[in-house]
Amino acid sequence: MDRRHVLAAAAACTSVSAIPMVAQAAIPASKLADTFPPIDSSRAYVDWMIQQRAESADPLAERYRRFQALVNNKDLWEARNMRAFLMTPREEFVLPRNLPRAYEHAFLDIGYGVTISGPHLVGRMTSIIDVKMGEKVLEVGTGSGYQSAYLANLTDKVWTVEIIKPLAQRTRSIYDKLIARGYGEYQAIQSKNADGYYGWAEAGPFDKIIVTCGIDHIPPPLLQQLKVGGTMVIPVGPPGAQRVLRVTKEQSASGAVTVSRSDIYGGRVVPFVPFTKLDGDTIKGTHNR
Ligand SMILES: C[S@@+](CC[C@H](N)C(=O)[O-])C[C@H]1O[C@@H](n2cnc3c(N)ncnc32)[C@H](O)[C@@H]1O
């Protein structure tokens with residue numbers, strides 16, 4: 001998408017000129033929800049974000065630079081997803097030692113042997129499922145918490161499951177601290193420590209499901225918890241060689257349910273951390289067949 005299209009898409013979301021410039025930090029998310037940050041220059045974006053959210057200039061400038069790369073690479077193509085990227089402080093979800101690298105293309109270590117996915121992958125996987133406000137979304141693999149924070153800018157109903165208990169606890173406390181600082185949109189996120197292979201049955205069915213760990217098949221419980229008409233995005237394949245699939249569930253007039261798949265990277269291999277398995281309280285092996 002070229003610059004003119006980006007600006008048009010942003011304008012379709014909300015008129016940039018209609019954004020009230022409030023001279024106080026961290027205004028409630030409810031008031032920010034319908035606004036789109038100015039994107040005609042890095043300076044305009046950074047200044048606006050500092051005014052609205054009291055975030056720091058350096059990571060904001062990096063976020064803007066990465067935003068432009070995502071748009072150019074066609075990982076973001078629609079205004080609401082662009083806004084979600086621009087409003088999510090990725091720097092809050094990386095380890096302190098990785099702060100200067102928060103907006104790099106690559107995935108980063110977040111401890112416990114797992115990673116935060118790179119921004120291009122998050123952008124494309126989230127754009128593909130096209131989340132609308134009010135839709136119920138399940139994420140399997142909370143990790144750093146960045147993906148669900150991003151989703152909370154698209155809908156007010158997000159559930160996320162993480163198998164590593166101390167990581168699930170750490171991420172929950174990041175959300176709670178951010179909520180206390182004025183990021184009210186993260187109140188949309190329900191999180192728990194569990195084996196996400198089994199989804200979150202009590203909260204389902206879901207309009208959209210996003211899986212951020214790799215497995216060699218689509219978990220039947222997740223397919224079951226996906227609504228008819230719903231979409232899932234999931235890395236499927238042998239260890240370290242997954243392909244990211246968009247999976248849709250449809251029902252024909254005769255009542256037959258069909259599932260179709262397409263590769264969101266045209267066949268390119270994208271390695272993910274493994275979809276591990278809980279045996280009692282212990283993580284043991286994977287769910288691969
Ligand atoms: C690529 S990482 C995290 C990406 C994450 N969405 C983010 O924004 O940081 C994948 C995560 O899936 C988790 N995971 C692996 N198997 C799981 C399972 N069976 N249930 C839930 N989470 C799982 C890992 O512990 C890891 O935190």
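Predicted model: local features only at pLDDT ≥ 70, side-chain atom pairs only at ≥ 80, totals over all residues.
Trainee: Ok, the open sheet. What order do its strands have?
Mentor: The order is β5-β4-β3-β6-β7-β8-β9, seven strands with mixed pairing. At the edges stand β5 (189–193) and β9 (257–263); each has a single partner strand, so one side of each has no neighbour in the sheet. On average, neighbouring strands are turned by 15° against each other, direction ignored.

Trainee: How do β4 and β5 run, and how many bridges join them?
Mentor: They run parallel, joined by five bridges. Val161 stands opposite Lys192 in β5.

Trainee: And which helix lies across β4 and β5?
Mentor: That is α8, residues 165–180, running at about 160° to β5.

Trainee: Switching to the ligand. Which residues come nearest?
Mentor: Gly141, Gly143, Ser144, Gln147 and Gly196, out of 24 residues around the ligand. By class, the shell has 13 nonpolar, nine polar and two charged residues.

Trainee: Which elements each supply at least two residues of that shell?
Mentor: β2 (115–116), α7 (146–151) and β4 (157–162) do.

Trainee: Last one, Glu78. Where does it lie?
Mentor: Glu78 is in the loop between α4 (57–72) and α5 (79–87). The C-alpha atoms of Glu78 and Ser127 are separated by 7.5 Å, with the two residues 49 apart along the chain.

Trainee: Why does Glu78 count as partly exposed?
Mentor: Because Glu78 has 14 other C-beta atoms within 10 Å; buried needs 20 or more, and exposed means 12 or fewer.

Key. Residues numbered from 1 in each chain as written. Near = placed C-beta within 6 Å. Helix = DSSP H or I, 4+ residues; strand = E, 2+ residues; numbered from the N terminus. Nonpolar A, V, L, I, M, F, W, Y, C, P; charged D, E, K, R; others polar. Pairing = 2+ DSSP bridges. Axes fitted to C-alpha atoms, helices over the stretch in contact; angles between N-to-C directions. Contact = placed C-beta atoms within 7 Å.
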